[in-house]
Structures are given as C-alpha cells and as structure tokens.
Amino acid sequence: MDTTSLKIPCVLMRGGTSRGLIFKDTDLPIDEKLKEEVILKIYGSSANGQIDGIGGGTSVTSKVAIVGMTDTNDSDIYYNFGQVGINQKSIDYNVTCGNMASAVGLYAVEEGLVKREDGETTVRILNTNTNKIMEVRVPVYQGEIKSVGDFSISGVEGTGAKITVSFIDSSGAFTGKLLPTGNLVDYIKMDGATYKVSILDTGNIVAFVKASDFSLEGFELAKDINNQQTSKAIEKLRVKVGVLLGLFSDEDNVNHELEALPKITLVSEPKDYITEQGSLIKKENINIIGRYISMGKLHPAFAVSGSICLATACKIPGTVPATVCQKNALNTIEIGHPSGSISSEVFIQKNESAYKLIKGGTGRTARRIMEGNAVIPISLMDRK
C-alpha cells in the first residue's frame, strides 16, 4: 500500500472552449488554505509553469470547478469556479466561466446529482462566484445522455450534442449594477490619449474598447495582439479601468495573473477575415468582431460570459459596441472571434433609464475526457 500519497477523485472535462477538473466538494479538504494548496499541486502551478501537473499552461486549460449539493429550491447544485494560476501559486475565485458551466451541467447529470428528464434535463446551478443562477440544459434520450449530435462550436474540432448555457438575471453580479459606473461610456486618459470604454457587469466585468484605439483593424490574431507592445498597452488600460471601479487601489501593485477582473474586449465592425485555423469569416455572417483578452493574452475563441456581456452591450444604444455592431431586430448577436464565431441570445428589459439583463445564453458542447484520481503527496495532507 502506498503510504506517501493520497488519491482524490475528480473528472477532467471540456466545456465549450475551456478545460479543467471538476471536484465534488466532499472529496476536497475543508480547510480553505489546504484545499487551494491541493488544487495548485494537482495543476502544477509554479514559477516553472505547470510541468508538474495537469494544467495546460494557458488560461483556458487552467480552470477548476468545485460542485456540491444545495438546500434551496432555486438550484439543484452549486458551482464554484476557479481560474488557476499558471506561473503563480494562486487561484482567482473573483471571476466565473460559462464554458465550464456547460461541463458542470453535464457532470451533474452524469453523476446523478439531478434527476434525468427525457428531451432535456435542466440543471439549475447556483454560481457561488456571482451568487447568480445559471441554467444548463443537457439533451437526454430514453434516459441516456446524448453525446452525439451535429452542433459545432468554433475553437473545438468536430460536433456534439448541443448543451445550452444561460445566465439568469446576471446584471451586476460583482458590482451590483449592469453599468457599474452608471455611464454608457467612460473616458480613460492614458499615454496622452483618451480611450472611450463601455463597462458592463453581466457574469463578469468587461470593458469594451474599439480595436482602432490601439491602431488595430479588429480582426488581428494572437501573433499581432500578444506582442509585447500591444498587450502591454491593453493591460495598462485594464488596470486603469480596475482603478476606476475600485477593484484596484494602486496601479503599480496589481497581481496581473491573479486579479483577472475587469476583462478587456476589443470590438470592431464586421469585416471579412481569416481565423487562426485558416477559415474565412464573411462580414455578412456576423454582427460584430470581438477580441477577448484573458490573463494578458488573446482568448483563442471567446468566453461565454464575455459573449453575453458583449451581446448585451450591442443592444444598449450609446455603448461602444453598439456603435460598431451591425444592427438586427433579433435578440441574437453573432460575434466573430479568432477561431470563428459565437452566437449569444440576450433578453433585456428597460425600466425608466435603467437596463436589466433578464436572461442571456448560448449553445456549447462538452464532454468527459478522463475520470479517476489525482495523486497528492501525503505531506500536503498532514493538516487534513
């Protein structure tokens, strides 16, 4: 018998364009500090990257979900999301992930945490990061989960069964307001220039700015946006937005890997462009181009929460995205991103001068990749 290590049950899953481990809360240490140490050891986060763990060395492959049962009528389970540091031993819980929510919903049905219903099983999830409800609808046929389908998402090869992820009444999840500053547009002074930004809080806090403000066309790919000059300027603007919102107290002492909010998204009007995979995106097939920045790098596709936030902004006249979005009469906005496009449907209500996001959602695919145990050195568990 191995007395030098401990095994912790977990499942490796892909949800949308994200990937990470899902743990049941009962399988992790109760002590919060020890829990974080265990997760970081499993991912291998260190100054040397994640070579000694399962982390993939990118923001979209360094995600963790902790789930457990709830005792409220509003939800079936809870989901606590963590953005795991890559080069730092840190986990940011002050953010959420809609892509991983699709995996969490599928996991809940697979594990029997909710009763299966033919057609679609709806999993109501309390997201503890935002204290808001998410709904994930998982297709079920004759009691079996449908894993095969013809639904595809940009950034993931192949097709699968469509899983719908919806954010319910997610306005002001972190700040209490859909428009945290109360303004449709804020003006940020930086390096002798003034940047027009629209800041929205719908699941995550996202600041939208025109790509042209950074001398970009808007359809650039990772090699153009992740270069030192451009990424440094975008990060500098992000920090200034964070200070404006009171998320950062000092511009010079921001932990750029740990403090992930606010996010920055570059937007531009629809144009023809070539994706990272070499496919052509035609301008007539999208309403807007978005470039979502995650942990200082261009997201290879687009975050679910970010897409809902952008679609919401497109439907509010006067915001930066609304000025470049190709208008339509529908509730759905098609966003062009580096790997293709993502469609988000939003339902917005306006009461007097205030806007409210009633519901926002999009289709995803998800799958279980591996299941088993993560092996932890027993020395880490001495305080369990």
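The following legends accompany views of a predicted protein model.

**Figure 1. Overall fold of the predicted protein, with six helices and 21 strands.** The radius of gyration is 20 Å, close to the 21 Å that the globule rule gives for 384 residues, so the protein is as compact as a globular protein of that length. Its C-alpha trace spans about 65 × 50 × 45 Å along the principal axes. Among contacts with a separation of 6 or more, 64% are made by residues 24 or more positions apart.

**Figure 2. Surface and charges of the protein.** The protein carries 41 positive and 44 negative charges, whose mean positions are 3 Å apart. Of the 384 residues, 54% are buried.

**Figure 3. Helix α5, formed by residues 304–314.** This helix is mostly covered, with 11 of its 11 residues buried. Among them are Val304, Ile308 and Leu310, together with Cys309 and Cys314. The buried residues of α5 also include Ser305, Ser307 and Thr312, as well as Gly306, Ala311 and Ala313.

Figure 4. The side chain of Thr130 is joined to that of Asn127 by a polar contact of 2.9 Å. When residues up to four places away in sequence are not counted, Thr130 touches Thr96, Ala173, Phe174 and Gly203.

Key. Residues numbered from 1 in each chain as written. Predicted model: local features only at pLDDT ≥ 70, side-chain atom pairs only at ≥ 80, totals over all residues. Heavy atoms only, no water. Helix = DSSP H or I, 4+ residues; strand = E, 2+ residues; numbered from the N terminus. Rg over C-alpha atoms; globule rule 2.2 N^0.38 Å. Buried < 20%, exposed > 50% of the residue type's maximum accessible area, 1.4 Å probe, protein only. Contact = heavy atoms within 4.5 Å. Lys, Arg positive; Asp, Glu negative; His and termini not counted. Charge placed at Lys NZ, Arg CZ, Asp CG, Glu CD. Polar contact = N/O pair within 3.5 Å; in protein donor to acceptor, adjacent residues only side chain to side chain.
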